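Q: I am new to this structure. Please show me how to read some of its features, one at a time.

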Amino acid sequence: MSNKTLALIPARAGSKGIKNKNLALLANKPLVYHTIKAAKEATCIDKIVLSSDGDEILTYAKSQGIDIIKRPKELSLDNTTSDKVILHTLEMYKTYENIILLQPTSPFRTSKHIDESFYHFIQKNANALISVCKCDNKILKAFISDEKGNLKGISNDDYPFYPRQELPNTYMSNGAIYILKVKEFLKKSNFLLKNTTYFEMDEVSSLDIDTLEDLKKANELLCSN
C-alpha cells in the first residue's frame, strides 16, 4: 500500500444538537459507520484514521479496522476548528502527500463522490478541493453595513443591481469532502488555498446531520430507497 493519500474522520464525543451524535443510529448503524464505509470503498485512499476524544467512538472505529488517534481535550471543544485537528493528525502521519477530511455528519457522501472529487482534484492540479452544493445566487444582491453605518454590496457594489440571471453561480460548502495537498496546507493551515477547486453535490447527498430533525430526515430517506 502506498502512503500518498490519508483520509481523516474527525469524530469528537461532544455534541450540542444530538447527544453522542457520531454514534447515533442511522439505518440501524452508528452515524460514523457510513463515513467509514465510504472511505474504505474509495479507491483513492491509502489509509484511514479516526480522531476522537471519546473512548466509545475510538473502540468502535478500531473494531472497523481503521487507525485511531486519541485527541486531547483541548482539541475537542465546541470551538475547535478542523485545521487544528488536521495539524494534530499530521504530527503522527508525516509522509502523506494528500489528506481528505471526511466528516461523519455527511452520511450520504459515498465512495463514488470521494473518488470523483479526488480525480477532479488531481486533474485540476489543485492545492485544495471543497465539496459544495449550489445555493440561491440572490445572496449576491444583499448589502452589509460598514463601520460607519453605510451600505455596501456583500460582494461588490454592482451585483445588488444586476438581474439575477446575470449573476454568477454561488455555492455553499456542504461539509462532506475537503481535499488538501499537505505541503501547501502546512504553509497556511487554511482550506481555501491558492488554486482551490470544487466538487458539486446534489441536495440529498449534501445533507448534513446537525439536529434530531436532520437525523429523522436521513432515516426517512434511507427507508424510502
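A: Start with burial: a residue counts as buried when its relative accessible area is under 20%, as exposed when over 50%, and as partly exposed in between. The model is predicted.

Q: Which residues of α1 are buried?

A: In α1 the buried residues are L31, V32, Y33, H34, T35, I36, A38 and A39. That is eight of the eleven residues of the helix, so α1 is mostly covered.

Q: What do the buried residues of α1 pack against?

A: Contact here means heavy atoms within 4.5 Å. The buried residues of α1 pack against the strands β1 (5–10), β2 (25–26), β3 (29–30) and β4 (47–52). They also pack against two helices, α2 (55–63) and α4.

Q: At what angle do α1 and α4 pack?

A: Helix α1 covers residues 31–41 and helix α4 residues 111–123. The two pack at an angle of about 50°, and their axes are 8 Å apart. Because of that angle, α1 is oblique to α4. The crossing of α1 and α4 is right-handed.

Q: Which residues meet where α1 and α4 pack?

A: From α1, the residues are A38, A39 and E41. They meet S111, I114 and D115 of α4. Of these, A38 and A39 are also among the buried residues of α1.

Q: Where is H120, and which residues does H120 touch?

A: H120 belongs to helix α4. Its relative accessibility is 25%, so H120 counts as partly exposed. Leaving out residues up to four places away in sequence, H120 touches L129, T197 and Y198.

Q: How far is H120 from D67 in space?

A: The C-alpha atoms of H120 and D67 are 27 Å apart, and the two residues are 53 apart in sequence.

Q: Where does A126 lie?

A: A126 is in the loop between α4 and β7 (128–135).

Q: Is A126 buried or exposed?

A: A126 has a relative accessible area of 2% and is therefore buried.

Q: What is A126 in contact with?

A: With neighbours within four places in sequence left aside, A126 is in contact with F121, K181, N195 and T197. T197 is also touched by H120. As for separation, A126 and N169 are 43 residues apart along the chain, and their C-alpha atoms are separated by 20 Å.

Q: Where is S131, and how far is S131 from E200 in space?

A: S131 is part of strand β7. S131 and E200 are 69 residues apart in sequence, while their C-alpha atoms are 5.8 Å apart.

Q: What is the phi of S189 and of N195?

A: Phi of S189 is near 50°, a positive value in a residue other than glycine. N195 is not a glycine either, and has a positive phi of about 65°. S189 is found in the loop between α5 (182–188) and β11 (196–200), and N195 lies in the loop between α5 and β11. S189, with a relative accessible area of 23%, is partly exposed. N195 has 48% relative accessibility and so counts as partly exposed.

Q: Which elements have the lowest and the highest mean pLDDT?

A: Where pLDDT is low, the predicted coordinates should not be read in detail. Helix α6 (residues 212–224) has the lowest mean pLDDT among the elements, 87. Strand β6 (residues 98–101) has the highest, 98. The chain averages a pLDDT of 93, and 97% of the residues score at least 70.

Technical notes
Residues are numbered from 1 along each chain as its sequence is written. This is a predicted model: local features need pLDDT of at least 70, side-chain atom pairs count only at pLDDT 80 or more; totals for chains, interfaces and linings use all residues. Side-chain values use heavy atoms; hydrogens and water are left out. pLDDT is the predictor's confidence in each residue, from 0 to 100. Helices (H or I, at least four residues) and strands (E, at least two) are DSSP runs, numbered from the N terminus. Axes are lines fitted to C-alpha atoms, for helices over the stretch in contact, and angles run from 0 to 180 degrees between N-to-C directions. Angles under 35 degrees count as roughly parallel, over 145 as roughly antiparallel, 65 to 115 as roughly perpendicular and the rest as oblique. A crossing is left-handed if the near helix is turned anticlockwise from the far one by less than a right angle, and right-handed if clockwise. Buried means under 20% relative accessible area, exposed over 50%, partly exposed in between (1.4 Å probe, protein chains only).
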